[in-house]
Amino acid sequence: MKNAISGFSKKTKSEKIDWLIATYFHDNPTAREILSSYENSDQALQQLHDDFIENSISNFYLPLGVAPNFLINGENYVLPMVIEESSVVAAAAKTAKYWSERGGFKTTLLGEEKVGQIHFIFKGDSDKLSRFIDEKKNDFIQELKPLTQKMEQRGGGIKSIELRNKTADIPHYFQLHLCFLTKDAMGANFINSCLEQLADNVVAHIEQSEHFSVEEKKIEIVMSILSNYVPNCRVKAEVSCPIEALEKEDGLTQREFAEKFVRAVQIAKVEPYRAVTHNKGIMNGVDAVVLATGNDFRAVEAGVHAFAARDGQYRSLSSAYIKNDVFHFEIELPLAVGTVGGLTKLHPLVRWSLELLNNPNAAQLMELITVAGLAQNFAAVRSLVTSGIQKGHMKMHLLNILNQLNATTAQKEAALIHFKTVAVSHAAVHSFLGLDQ
Ligand code: MEV
């Protein structure tokens with residue numbers, strides 16, 4: 001067993017690396033070289049990245065790709081995508097082109113409201129508590145002005161405060177459930193600061209009030225935190241076209257394709273095992289744009305999957321149907337993202353990505369991300385119900401295998417031609433490169 005280390009975070013970066021290399025890599029110089037080869041030679045840029053987190057020892061690259069030709073609400077966009085999965089950007093670009101020739105994507109903003117909660121234990125008369133909160137609500141909002149004023153000037157702030165009695169779930173458990181508008185900020189810091197201050201203020205008011213008994217005054221704040229479940233911060237994205245305007249797929253009429261596509265989405269609506277994979281395909285597009293724009297993909301993931309299970313069963317996030325011979329495909333996604341604050345000003349590539357998107361506000365970014373999800377889902381389901389997923393996947397995977405096997409540029413070019421008609425596998429590429437002998 002290796003020895004534990006104390007005071008690690010206090011060490012310098014090179015001391016941290018020395019200890020890691022000595023303890024876990026038998027002083028192997030290659031292990032050190034790998035870390036240093038990913039260091040940026042621009043020291044200021046490196047320092048900027050080191051300062052994002054604690055104990056940074058190098059950088060971890062993911063490719064930044066772009067998917068052009070997204071026609072969204074009549075405007076053309078190139079979506080920035082950060083992702084490691086080989087086929088995702090290609091699929092997005094292909095789908096963007098497909099729908100740009102059929103009217104493009106349309107989006108609708110369905111809400112921008114975010115939620116925060118104060119969870120507390122109150123052993124007393126719930127009606128009295130409810131009357132008290134109602135009476136004091138305006139005072140509570142006024143007392144938070146130092147925190148909320150700037151946000152209010154931008155059109156945001158606290159929209160509602162509601163007492164929720166949760167004693168049926170846990171004895172004496174209540175919540176203050178707050179709705180916020182945070183404009184172009186994701187709003188986590190703003191919401192959490194408001195909640196923590198409000199919790200202190202509520203306790204102080206109850207302690208000072210003559211209406212509450214000694215026992216009731218022993219209110220216990222368990223925690224104050226935003227919720228990443230944001231069903232009322234939501235966007236709808238859709239595409240549609242007459243069935244006969246759909247592309248002719250191999251072996252299927254346009255109507256057969258449309259019907260098969262609709263059936264595949266219906267299956268994902270009713271079958272959780274399929275729904276999870278179906279939605280994973282949506283998140284391939286969503287997360288890639290969320291990452292490129294410096295947003296919190298864990299928050300988005302948590303909120304989206306909760307939304308997918310909102311009626312108690314995990315279901316497809318997208319829907320497809322045929323009406324009057326028109327094929328419709330749509331999605332609604334809850335997304336808490338920002339275009340100010342967080343990494344948006346700090347990370348040069350995030351700034352670059354936002355500029356590529358014409359510096360959207362948060363609502364516009366939500367719309368673009370939702371389109372990326374719908375496009376990715378269309379690409380996946382289209383492949384699944386026609387050629388199968390492996391054909392496209394393996395074409396992109398071929399390059400990864402060739403790189404792994406150190407193929408030369410000439411070998412790669414020859415392989416790309418050869419494997420147009422031959423199934424890709426690690427063994428087949430190995431043999432094609434003459435590595436079997
Ligand atoms: C792979 O990353 C995503 C898919 O599995 C999605 C799907 O099955 O719909 C292709």
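Here is a short walk through a sheet, a helix and some aromatic rings in this predicted model. Residues are numbered from 1 along each chain as its sequence is written. Local features need pLDDT of at least 70 and side-chain atom pairs pLDDT 80 or more, with side-chain values taken from heavy atoms, leaving out hydrogens and water.

Let's start with the open sheet, where 4 strands follow the order β5-β6-β4-β7 with antiparallel pairing. Strands are DSSP runs of E with at least two residues, helices are runs of H or I with at least four, and both are numbered from the N terminus; two strands pair if DSSP finds at least two bridges between them. At the edges stand β5 (157-165) and β7 (220-227), each with a single partner strand, so one side of each has no neighbour in the sheet. Strands β4 (residues 114-121) and β6 (residues 173-181) are joined in the antiparallel sense over 8 bridges. Look for Phe 120, which stands opposite Phe 174 in β6.

Now to the aromatic rings. A pair of them is described by the distance of the centres and the angle of the planes. Rings of Phe, Tyr and Trp (its six-membered ring) pair if their centres lie within 6.5 Å; planes under 30 degrees apart count as stacked, over 60 as edge-to-face and the rest as tilted. The whole structure holds 19 aromatic pairs. One of them joins Trp 99 and Phe 327, stacked at 6.4 Å centre to centre with 15° between the planes. Trp 99 belongs to helix α4 (residues 88-100) and Phe 327 to strand β10 (residues 326-334), so this pair ties together parts 228 residues apart in sequence. Both Trp 99 and Phe 327 are buried (under 20% relative accessible area, with exposed over 50% and partly exposed in between, using a 1.4 Å probe and protein chains only).
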